[in-house]
Amino acid sequence: MTKAEKHKEICERLYKIYVAKNKDYGDSFGEGFKEYGLIMPAIRMDDKLSRYKQLIKHEAEVKDETITDTLLDLANYCIMTIIEIENKD
């Protein structure tokens, strides 16, 4: 598999995660963005980055929270923030 193909596969995983989490949580990200603006996604991304740093240093106690899962969540937060910024315009 080429890196371009791997990139596409990861983006498809991101989409599936996004759809599933929106089904579970509704548009809580969009609603939070409308209420708090750009600070809200910054806080969520900072939380994920902190989690990533902890996982690098220590094995997770919660076994379903991997470094990859954390990075996928972080990537989706970045994409969702872009969506909200572009929807504002």
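These questions and answers concern a predicted model of one protein chain. Residues are numbered from 1 along each chain as its sequence is written. Local features need pLDDT of at least 70, side-chain atom pairs count only at pLDDT 80 or more, and totals for chains, interfaces and linings use all residues, while side-chain values use heavy atoms, without hydrogens and water.

Reader: What pLDDT does the protein chain average?
Author: pLDDT is the predictor's confidence in each residue, from 0 to 100. Of the residues, 94% score at least 70. The average for the protein chain is 93.

Reader: Is T81 buried or exposed?
Author: T81 is placed in helix α4 (residues 67-88), where helices are DSSP runs of H or I with at least four residues, numbered from the N terminus. Buried means under 20% relative accessible area, exposed over 50%, and partly exposed in between (1.4 Å probe, protein chains only). T81 has 8% relative accessibility, so T81 counts as buried.

Reader: Which residues does T81 touch, not counting residues up to four places away in sequence?
Author: Contact means heavy atoms within 4.5 Å. With residues up to four places away in sequence left out, T81 touches F29, L38, P41 and M45.

Reader: Which side chain does a polar contact of 3.0 Å join to that of D73?
Author: D73 also lies in helix α4, and at 12% relative accessibility D73 counts as buried. A polar contact is a pair of N or O atoms within 3.5 Å; within protein, one must be able to donate a hydrogen and the other to accept it, and residues adjacent in sequence count only if both atoms are side-chain atoms. At 3.0 Å, the partner of D73 is the side chain of K48.

Technical notes: Helices (H or I, at least four residues) and strands (E, at least two) are DSSP runs, numbered from the N terminus.
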